[in-house]
Amino acid sequence: MKNSIACVFPETLPTERFLLPLVQVFGQVVHMQPIENAPSAAKTATGFIKRCQQQGRLDTFTPVPLGDQRERFLALAQDIRRRGYTYISQLSMTTLAGMGHRNSPEAPHAILASLLRGADIQEQEQTELMLWQSRLMLELGEVYDFEQAELSDALLTIGRRQNSLFAELCEEEENPFALPVAGQDDGPEVDKILRHRLKAWTRLCFHHGRTAPGLLVSRHRTAIDLLQEVYEKRWQQSGRLLAEIAIPVPAAQETAAVGQPPGRSCPDLDRLLTEIGAAGSDLKFSTEHEHQLRTGLEQWSRVALSPTAESAVLELYFFPQASAARLFAESFADGVSGHPAGGAEQPGCVVGLIKTTQLSDLP
């Protein structure tokens, strides 16, 4: 039986917060692994993540393997992880300052060139160098995520302590004081880093005409907004919100045995998501698909009614007559130019946005 697949971008490591809702809808979730057979990020893998991996519900893909350059790159990646703060600071000073100029051409060494020189990487063919830069950017993104997770954990610990102290002082359950809460909104610096990660992810995923291994899903509103902005400008129309799927999210400890996702009890929705994923997020949306979606959402409303403390929403956006490869290249990687091909037979692409509530017990 074929799986419906969600392909997460641009993060390369899974987190419980976004994996928990996705496995309720999709049969499998995949993340890019920029380096083939990369060392496992064991320290970030929770029990739930490990169970999903063991049961084939969570997997990776490597679009452009390094081959005989793998060991050389791993040595550089290890150095990045050892001195992540130094590299992120250097990245901020040397490359992030120019991110606001989205339409300016990128020089061959614009991203992470100093890191490559420091690792004694000689100038290569421009495409090869670009791929190295993209892998390095995604590695730095992982380091940034580690640092942000540690900061979030520290803030949550402080918040819990503040709640406890204020409750003791006030001798009441409700706290009248406003406490700092860690959010998931992207600030200016995070937005700049995100744009670099989107560019790197896109260049690797769609290199030499490859397709994404599933329906593309992101947790970043900024990414969807950039797709919408470029699509409206280049295709002279707006993307369409196909569906909003409300997802009850069970606690990780309640999923000791990851069973069949509720989505598999919605055959029409599952078939549609499977077809989109099999086509690399591309779709020629027909009246049959419209019917599948409508009946699938009705089925979902019947099987996903169990109340939970936390919830998420999966928004699905359709961009007619724009393939995922072209739309991503134009939106994130200064890609294809020229007028988009017209005609009703041109496939469009479907992209998902996963939004979760603040989870107090997750990073």
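Reader: What makes Q228 count as buried?
Author: Q228 has a relative accessibility of 15%, and buried means under 20% relative accessible area, with over 50% called exposed and anything in between partly exposed (1.4 Å probe, protein chains only); Q228 therefore counts as buried. The model is a predicted one, in which local features need pLDDT of at least 70 and side-chain atom pairs count only at pLDDT 80 or more, while totals for chains, interfaces and linings use all residues. Residues are numbered from 1 along each chain as its sequence is written, and side-chain values use heavy atoms, with hydrogens and water left out.

Reader: Where does Q228 lie, and with which residues is Q228 in contact, leaving aside its neighbours within four places in sequence?
Author: Q228 belongs to helix α8, where helices (H or I, at least four residues) and strands (E, at least two) are DSSP runs numbered from the N terminus. With those neighbours left aside, Q228 is in contact (heavy atoms within 4.5 Å) with S238, G239, Y317 and F319.

Reader: What makes α8 roughly perpendicular to α11?
Author: The axes of α8 and α11 cross at roughly 100 degrees and come within 9 Å, the axes being lines fitted to C-alpha atoms, for helices over the stretch in contact, with angles that run from 0 to 180 degrees between N-to-C directions. Angles under 35 degrees count as roughly parallel, over 145 as roughly antiparallel, 65 to 115 as roughly perpendicular and the rest as oblique, and α8 is therefore roughly perpendicular to α11. On the α8 side the contact is made by A223, L226, L227, V230, Y231, R234 and W235, and on the α11 side by R326, L327, F328, E330, S331 and F332.

Reader: How many residues of each class does the contact of α8 with α11 have?
Author: The contact has nine nonpolar, one polar and three charged residues, where Ala, Val, Leu, Ile, Met, Phe, Trp, Tyr, Cys and Pro count as nonpolar, Asp, Glu, Lys and Arg as charged, and the others, Gly among them, as polar.

Reader: Which side chain makes a polar contact with the side chain of R234?
Author: The side chain of E330 does, at 2.6 Å, and a polar contact is a pair of N or O atoms within 3.5 Å; within protein, one must be able to donate a hydrogen and the other to accept it, and residues adjacent in sequence count only if both atoms are side-chain atoms. E330 is placed in helix α11, residues 324-332, and counts as buried because its relative accessibility is 11%.

Reader: How many aromatic pairs does the structure hold, and why is the pair of W201 and F328 called tilted?
Author: The structure holds eleven aromatic pairs. In the pair of W201 and F328 the ring centres are 6.4 Å apart and the planes stand at 50 degrees; rings of Phe, Tyr and Trp (its six-membered ring) pair if their centres lie within 6.5 Å, and planes under 30 degrees apart count as stacked, over 60 as edge-to-face and the rest as tilted, which means that this pair is tilted. Since W201 lies in helix α7 (residues 188-205) and F328 in helix α11, the pair ties together parts that are 127 residues apart in sequence. W201 counts as buried at 0% relative accessibility, and F328 likewise counts as buried at 0%.

Reader: Why is the pair of Y231 and W235 called stacked?
Author: Their ring centres are 5.4 Å apart and their planes are at 20 degrees, so the pair is stacked. Y231 and W235 are four residues apart in helix α8 (residues 221-235), which means that about one helical turn separates them, and both are buried.

Reader: How do you know that helix α1 is largely enclosed by the rest of the structure?
Author: Ten of the ten residues of α1 (residues 16-25) are buried, so α1 is largely enclosed; among them are F18, L19 and L20, together with the charged residues E16 and R17.

Reader: What makes Q236 exposed, and what is its phi?
Author: Q236 has 64% relative accessibility and therefore counts as exposed, and it is found in the loop between α8 and β5 (240-249). Its phi is near 60 degrees, a positive value in a residue other than glycine. Most residues other than glycine have a negative phi, and most peptide bonds are trans.

Reader: Is S281 buried or exposed?
Author: S281 counts as buried because its relative accessibility is 1%; S281 also has a positive phi, of about 80 degrees, although it is not a glycine, and its place is in the loop between α9 (267-278) and β6 (282-283).
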